Amino acid sequence: MPYLKSISIRTTVNRSLAYILNPDKTEDLLYTNAVNCLPNAKDAYLAMKTVYEHFSGEKYNAPLPENGKGSVKAIHYIQSFDPKYNISPELAHQIARTFARKAFGDNCQVVIATHVDKQHIHSHIIINAYGIDGRKYNDNWTIRKELRDISDRVCLAFGIKPIEPKKGVSQNVAYNEWEHKQRSTSWKQKIRLEIDGLILKVKNVDELLAELEMLGYTIKRGKYISVKAPDQQRAVRLKTLGEDYTVKSLASRILWKDVGSGGTLLNQPSELSDLYAAMIYDVEQLALTGRKVQRKRDTAAPYSPQNDLDIYKLSAQLTIINRDNLRSIGEVEGKIEQLQYEVEKARQELNALTAQQDTLTGLVEQAEEYFMLLEKQQPTPADELRLKMYKTVLESNNIQSRSDYEYLKTVVADTQKKTTLIKENFEKCRRLCDIYSEIAKTYYEISRGDYISRLVDEQRRTIEAEQKKGDKNYRL
């Protein structure tokens, strides 16, 4: 479970907001979010200041008194995860956003920022001492305990929980699993078939897991990824489904599924293409003589060397080598280095534009509601507060008329188009970089003699495991 602590902010709220919204700590503000304010330090401070002063009658930037602690202006919560949980930045940020909504409701003013610059992923949550409905938020031992309980329950909902000690597995369970597998009705086999079908239409492992969730499967993320079918009692780890279903293998299968094979040879054969051609022949011989694990590329078709996944991946890599005229491993590594530069450059531009898009979209929403409230015949006190809050933020961003508002909408549309183009280039460069990196990895495995030995050792271990399982079932 995450560790949750709190800090009462009695002065300089602006500095705390600037600290948690540091682009260097949040992937250029990619992992930031806000409720009832904008996710940038300047505008968030102005919105919080307006609400606090409206309800408290005190100045938000008042210095600390000579005697006493002074009023709490905001509360700063830190939700941190132990590195052993292997929490991704995306998941940590989603947990923080969900926690804030569950803990404080929709009328709070809160800024959320997940920091990824340290080994342990952690999220900062700053909440204004007053909500836009006038509710006063306090922090004490009892409230912190309630918030920790909410934080734990949110994490449980995302599949994060303490590891329970294993109490042993009944032999009958193992036998039932074996018996169901013989009838092709085991949960593992059902999940394998589902994954095999989805691989053909997804772009990465995250999309594959999302598709499984849409089909009713429960996905548990952490150090290991587990999957549970709708009526299944216990989740199973992907790696227990077999070598082809580990996260690493799934990523490789998805990467090469639509590259194609059967590429023509270069006009002048190179050492690199010759090496691959020779290896394809050697693996085909292993397949013909039954000395490698039978991995189908098309699970619906009978197994053959032409339907072997390992052979297909080698052929697909040779296709890329020939298509891009890669003559040596040096050329491959040079292209990887250049692509890594392009990916990082595009990533930084994309993150910056995404953060800008979020701010601009928030401004458009506030401007739209501001001008709508202006036309309201009998505004309520809550409406008056919103008008005051929106006006402060809009004027800070030079939006004072409807024409400014209309121009802002065109800027948002242009930014969206630019973001889409950069995202397409980012995905293209990253995919090509992954492909070249896989080629380089395969090249070194072949050069060291590890490629064939790995396939042979894998087949040997598979046979030994089947023999042990047969002996165990015979004893049962």
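This is a predicted model: local features need pLDDT of at least 70, side-chain atom pairs count only at pLDDT 80 or more; totals for chains, interfaces and linings use all residues.
1. A quick definition to start: Ala, Val, Leu, Ile, Met, Phe, Trp, Tyr, Cys and Pro count as nonpolar, Asp, Glu, Lys and Arg as charged, and the others, Gly among them, as polar.

2. Let's begin with the second largest pocket, whose volume is about 430 Å³. Its lining has 22 residues, and A34, V35, N36, C37 and E365 are the closest to the pocket's centre. Two or more lining residues come from each of β2 (32-35), α3 (89-104), α11 (329-374) and α12 (381-396).

3. Which element gives the largest share of that lining? The answer is α11, with 6 residues. Sorted by class, the lining of this pocket holds 8 nonpolar, 7 polar and 7 charged residues.

4. Now find T415 in helix α13, which covers residues 402-448. Is T415 buried or exposed? T415 is buried, because its relative accessibility is 7% and the cut-off for buried is under 20%. Setting aside neighbours within four places in sequence, T415 is in contact with L353, Q356, Q357 and L360.

5. T419 also has its place in helix α13. With a relative accessible area of 10%, T419 is buried too. Not counting residues up to four places away in sequence, T419 touches L350, L353 and T354.

6. In sequence they are 65 residues apart, while in space they are 7.1 Å apart, C-alpha to C-alpha.

Conventions. Residues are numbered from 1 along each chain as its sequence is written. Side-chain values use heavy atoms; hydrogens and water are left out. Helices (H or I, at least four residues) and strands (E, at least two) are DSSP runs, numbered from the N terminus. Buried means under 20% relative accessible area, exposed over 50%, partly exposed in between (1.4 Å probe, protein chains only). Contact means heavy atoms within 4.5 Å. On a 1 Å grid over the protein atoms alone, a cavity is a set of points where a 1.4 Å probe fits but cannot get out, and a pocket is an open set with protein on both sides within 12 Å along at least five of seven lines; lining residues have an atom within 4 Å of a point. Grid points are joined across faces, edges and corners, and a volume is the space filled by probe spheres set on the points.
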